[in-house]
Amino acid sequence: MEGIMVVFDFDKTIIECDSDNWVVDELGFTERYNQLLNTMPWNSMMDTLMKEMHSQGITTDDIARVLKTVPIHPRVIPAIKAAHAAGCDLRIVSDANTFFIETVLDHLGLKNCFTEINTNPGYIDEEGRLRILPIHDFTKTPHGCNNPCPPNMCKGLVIKRLLSEHNAKKFIYLGDGIGDYCPSLRLREGDHVMPRKNYPVYDMISSNPMLISAKIHEWADGEDLERILLSLIQDIIISYNGDDDNNVSQLFEFDCKLGVLPVISHKALPKAVCLRF
């Protein structure tokens, strides 16, 4: 099998919230966040908030503690484990940061499922303070994308690199936000994009679905995510191996162990029909 690459956004895709907002709210910095919002770039604002938290005695252990309480749909964990067990190459492309993402994945037992995490650097400095920096230093060189990507990260450039490095693989991309639109445009015929229904990327794709070469599969919650993702993986495996029921069933025998729901087939949305007006 030539392979399948599944690329996930993190916030509001793997988890059910924005991890930045979750940390800020849970640690009592919502008012300060509102004061700083729109006064500086997002990464700079989060770095400033981490500095102020540190100065008030909040430790990285405190931050990790609240990250371990982020909400997640109960079907997302088994879906990711099932995709990994089926041999898929799993990646994350997110505008969160490494500390937040790795803390959550470690807690959920998912970190080893992912080959690569593309996100903003988040690290603990020599003073014990969490630093959050942009993955792309836009103050020196803009990334030059004309799509509505944040200045610190163009996810489309990440997907462009992955497509170049893994051209033979079929890609499945899952996301929810405005920043997930650019990578959706990069996907090819034969690839699949899974925009979260009634979220910004879904609305943008809906406005002109003919611009998307990949097949479009909307999803609303973790149960949809699991059902559609595992169905796509199954369909791709069948296309590689032929309709060999024994071969496919062996790849999905782990469903009892992981609690994965039986895979149910579905159809992609027709591109000629607008998903939402």
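**Exercise 1. Locate D11 in the fold and classify its burial.**

*Solution.* In this predicted model, D11 is placed in the loop between β1 and α1. The next step is to consider its relative accessible area, which is 10%. Buried means under 20% relative accessible area, so D11 is classed as buried. Its surroundings follow from the contacts: with neighbours within four places in sequence left aside, D11 is in contact with C17, D18, S19, A96 and D176.

**Exercise 2. Carry out the analysis for D9.**

*Solution.* D9 lies in the loop between β1 (4–8) and α1 (19–26). Its relative accessible area is 5%; because the cut-off for buried is under 20%, D9 is buried. Residues up to four places away in sequence not being counted, D9 touches I14, V93, S94, K155, L174, G175, D176 and D180. At the side-chain level, D9 and T13 are joined by a polar contact of 3.4 Å.

**Exercise 3. Relate D9 and D11 to the annotation and to the pocket.**

*Solution.* The unreviewed UniProt entry carries the annotation "active site", which covers D9 and D11. From this set, D9 and D11 are both included in the lining of the largest pocket.

**Exercise 4. Describe the protein as a whole.**

*Solution.* Begin with secondary structure: the protein has twelve helices and eight strands.

Terms used: Residues numbered from 1 in each chain as written. Predicted model: local features only at pLDDT ≥ 70, side-chain atom pairs only at ≥ 80, totals over all residues. Heavy atoms only, no water. UniProt positions renumbered as here; feature names shortened; annotations may be inferred. 1 Å grid on protein atoms, 1.4 Å probe; cavity = no way out; pocket = protein on both sides within 12 Å on 5 of 7 lines; lining within 4 Å. Helix = DSSP H or I, 4+ residues; strand = E, 2+ residues; numbered from the N terminus. Buried < 20%, exposed > 50% of the residue type's maximum accessible area, 1.4 Å probe, protein only. Contact = heavy atoms within 4.5 Å. Polar contact = N/O pair within 3.5 Å; in protein donor to acceptor, adjacent residues only side chain to side chain.
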